[in-house]
Amino acid sequence: MKFSKFGQKFTQPTGISQLMDDLGDALKSDQPVNMLGGGNPAKIDAVNELFLETYQALGNDNDAGEPNSSAIVSMGNYSNPQGDAAFIDALVEFFNRHYDWNLTPENIALTNGSQNAFFFLFNLFGGTFETEQNQSIDKSILLPLTPEYIGYSDVHLDGQHFTAVLPHIDEVTHDGAEGFFKYRVDFDALENLPALKEGRIGAICCSRPTNPTGNVLTDEEMAHLAEIAKRHDVPLIIDNAYGMPFPNIIYSDVELSWDDNTILCFSLSKIGLPGVRTGIIVAAPEIIAAVSSMNAVVNLAPTRFGAAIATPLVENDRIKQLSDDDIKPFYQQQAILAVKLLKEALGDYPLVIHKPEGAIFLWLWFKDLPISTLELYERLKEKGTLIVPSQYFFPGVDVSDYQHAHECVRMSIAADEQTLKDGIRVIGEVVRELYDEVQSK
């Protein structure tokens, strides 16, 4: 059977497809697997109880025979392509209440998950453009700080979709301890990018906190990026899947800002609802109109189930309270535990950890690792432990001669305590053995 060029692109092996296949296989395995890969959020009792309570309330509305109950309206009918109107109204009031952004419903669209949102946005702002002189120019999405999210890499339909800037790597302390580092934006390299100067950038995009590293760009870095975007007349896209105000997995003191040149993307996944596939875009009305049109073609309309559950929680601020009081503290404690276990497992071996500032991962750098972390991934998988190797997190970078891109792994901290202990024990055993083999030669 022959596929089109489009079909061939989406059926070739990719980092994200390998990751999702391995996660699916692990869930079906009859052997125990230490799930330290993937992006599934943790199972937090307070979170699950609130969602169950809200879901049951929808059913109670239906049982009461209300013909226009939220359950019937939300799940028995399509929304318009922009998304569930009641949820959008609740979000408008929520953001205006907490941030005074003066939004209207024309500033928000829903998508079937944030991956769906980035497929739309990256193809709206990256690809072939027509100039005023009726000439064609190819534009890419600028990633000002790599490594970046694995799921970005393959969403473009055509052309070289990303231009990326490698980071400054600073050695830092964390809670008074050595053995940590932090990525920072190299603004000198960014400002001097030929693609930016030549008008071959369609948008700038960053995640905050960053998936995979847990890095949180400072307010000063974000303001500088916003200024560059405005100066070059391109939007700044911020992936806020782990950020403020929900799920608010950010440990540093930062602010959330928006203006009509900024596109903010949120998700219900990391508050504990990944299966409902609900993404949220806050942007200028013309961008919302474009996303709505794409929704109509690709999805008819976004799913309404997530909106039905989240609407009352947004209206009464319980979604923010849940994020502040339960979700963020849980992951902060998980990060502390995981760092402690890693330090115990690897001692004086050459492990450096990216400073934990947010998200649900730790980013581990094994300096001068004797093998690539892709090979390490396979060895760990054989021992029933899943992580994600680093080379997939550098879209727009030729990693063939960038050694750092082959020495890191992303490790989830969303697992239960025993899985963390078992998985980190295996990582420690395998990595120590690799370094010891070199030392003994």
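Is cysteine 205 buried or exposed, and what is its relative accessibility? In this predicted model, cysteine 205 counts as buried because its relative accessibility is 0%.

**View 1. Surroundings of cysteine 205 and cysteine 206.** The cysteine sulfur closest to that of cysteine 205 belongs to cysteine 206. The two sulfur atoms lie 6.3 Å apart, which is too far for a bond, because a disulfide requires a pair of cysteine sulfur atoms within 2.5 Å. By this rule, the count of disulfides is zero.

View 2. Cysteine 408 takes part in no disulfide. Its nearest cysteine sulfur is that of cysteine 206, at a distance of 20 Å. With a relative accessible area of 0%, cysteine 408 is buried.

View 3. Leucine 157 is located in the loop that runs between β4 (136-143) and β5 (162-164). Leucine 157 counts as partly exposed because its relative accessibility is 41%.

**View 4. Helix α12 and the glycine that follows.** Helix α12 comprises residues 318-346, 29 residues in total. From its first C-alpha to its last, α12 reaches 41 Å, close to the 42 Å expected at 1.5 Å a residue. The helix contains a kink of about 35°, centred on aspartate 324. Just after α12, glycine 347 adopts a positive phi of about 45°.

Terms used. Residues are numbered from 1 along each chain as its sequence is written. This is a predicted model: local features need pLDDT of at least 70, side-chain atom pairs count only at pLDDT 80 or more; totals for chains, interfaces and linings use all residues. Side-chain values use heavy atoms; hydrogens and water are left out. Helices (H or I, at least four residues) and strands (E, at least two) are DSSP runs, numbered from the N terminus. Buried means under 20% relative accessible area, exposed over 50%, partly exposed in between (1.4 Å probe, protein chains only). The expected span of a helix is 1.5 Å times one less than its number of residues. The bend at a residue is the angle between axes fitted to the seven residues ending there and the seven starting there.
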